[in-house]
Amino acid sequence: MSNFSSWFFRLRYSSSKLFYRYRTLHNKYEPTVFNNHSSRNARSTSLLPFALALSAGSFALHPHFSPSFCDSDRGVNVGGKGSTQYVVKGSQKEFPRELLEELKIICQDNISVDYDERYIHGKPQNSFHKAVNIPDVIVYPRSEEEVSKVVNLCNIHKVPIVPYGGATSIEGHTLSPHGGVCIDMSLMKTVKALHVDDMDVVVEPGIGWMELNEYLEPYGLFFPLDPGPGASIGGMCATRCSGSLAVRYGTMRDNVISLKVVLANGDIVKTASRARKSAAGYDLTRLMIGSEGTLGLITEVTLRLQKIPQHSVVAMCNFPSVKDAADVAIATMRSGVQVSRVELLDEVQVKAINIANGKNLPESPTLMFEFIGTEAYAREQTQIVRKIVSEHNGSDFVFAEEPEAKKELWKVRKEALWACFAMEPNLEAMISDVCVPLSHLGDLISRSKKELDASPLV
């Protein structure tokens, strides 16, 4: 276990978190597909711990300030009384020339010291986290072996490292407060093996979840987590992401079977086998998931897959208050209905959608549901929820089963952020995740709205 003690060594050199960027899927070689039978029947899945995806109230709009705070040489004062900027301070030392030459030998042409490229890697978009420094060097490893060599060299030279990938971070995961080496995993995006009968897949960390699902679709399988477009599997593991389907399938920790990780000294470890059940030893997989780059760099992920649902129904309904909507969400979960998605939009969000898209939706708190399963089962669940809605002051309950109609309903949710930009074009978004027990959701939103009303934007 001595190797694992070194995971914490890098923590004092970098407070940044692990997040991966993706590029267009282009496999280096064809993956191995294991399918011993012609049948693609998938085993049924049980309802995993739920989470309510909250769209309204998850971000605020603030005036757009053009200066950036990622480079201390720009002469911009950061922080201060009344500032909404959370500044991550740090100190930057001169980057060792010897290390730069050694990195060039390992990564060859896949290395950059271009200022603009380093600036983009050190500046997260739509995040109120800022840093005074940017990375000194960007490297793009192509294999686990290269990652190991890069990390080992940085350990020898005592230079901080910041893994990087999807760039969809909203919590400052890609900041480089102490400069150092940014390890961009976007070239490691291969599907290494697909086991159809076991319903799992082995991938490199740079592949995006959307590209992975495109690959899996012909086999009747999919990976159920759906965070923001552009998120990659490695970063999803490191940040323990969820997405709107977490209400049915759980979060990332529930859908990862095994990991391969490069530790802070360059050693490579595997956290578990592909077996679904094991009671031997520490649960190192769960230790790494959500560690945000502080314990090691993820270089391989074995994921649990699900069967593509036979049928789905999308429903929408309105309420006089956010509390009524939250009560319906709670009652639905307690009823045993296996809802796959449930999303809440408040009246301000709906108003923004109306303005941006020329719609005429009732400007009141709105819940959106998705039910999946067989056609009969999905319809049955829809009617159960319709009854629950009617018992909690709900109205205008509509649902859709045709693909185009479902797409049109979900478009309301998918365009929520951009609709807010259209409503307030001179403001920028401040996005964050807010997580509370489901029973506290109504009070949280109500109190948040009161605070916002009492503190006008400046």
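In the predicted model, Cys237 is buried, with a relative accessible area of 0%. The structure as a whole was searched for disulfides, and zero were found. Cys237 accordingly has no disulfide partner, and the nearest cysteine sulfur, that of Cys241, lies 7.8 Å away.

The largest nonpolar core comprises 34 residues. Within this core, the residues with the most contacts are Leu212, Ile233, Met252 and Leu303. At least two core residues come from each of the strands β11 (191-195), β12 (200-203), β14 (256-262) and β16 (297-304), and likewise from each of the helices α5 (209-216) and α6 (233-238). When neighbours within four places in sequence are set aside, the contacts of Leu212 are Val191, Val201, Val203, Ile207, Phe223, Ile233 and Leu303.

Helix α10 spans residues 347-357, and its buried residues are Gln349, Val350, Ala352, Ile353 and Asn354. An α-helix has 3.6 residues a turn, so positions three or four places apart point the same way. After α10 comes Gly358, which has a positive phi near 65 degrees.

Definitions and conventions:
Residues numbered from 1 in each chain as written. Predicted model: local features only at pLDDT ≥ 70, side-chain atom pairs only at ≥ 80, totals over all residues. Heavy atoms only, no water. Disulfide = S-S within 2.5 Å. Buried < 20%, exposed > 50% of the residue type's maximum accessible area, 1.4 Å probe, protein only. Helix = DSSP H or I, 4+ residues; strand = E, 2+ residues; numbered from the N terminus. Core = buried A, V, L, I, M, F, W, Y, C linked by side-chain atoms within 4.5 Å. Contact = heavy atoms within 4.5 Å.
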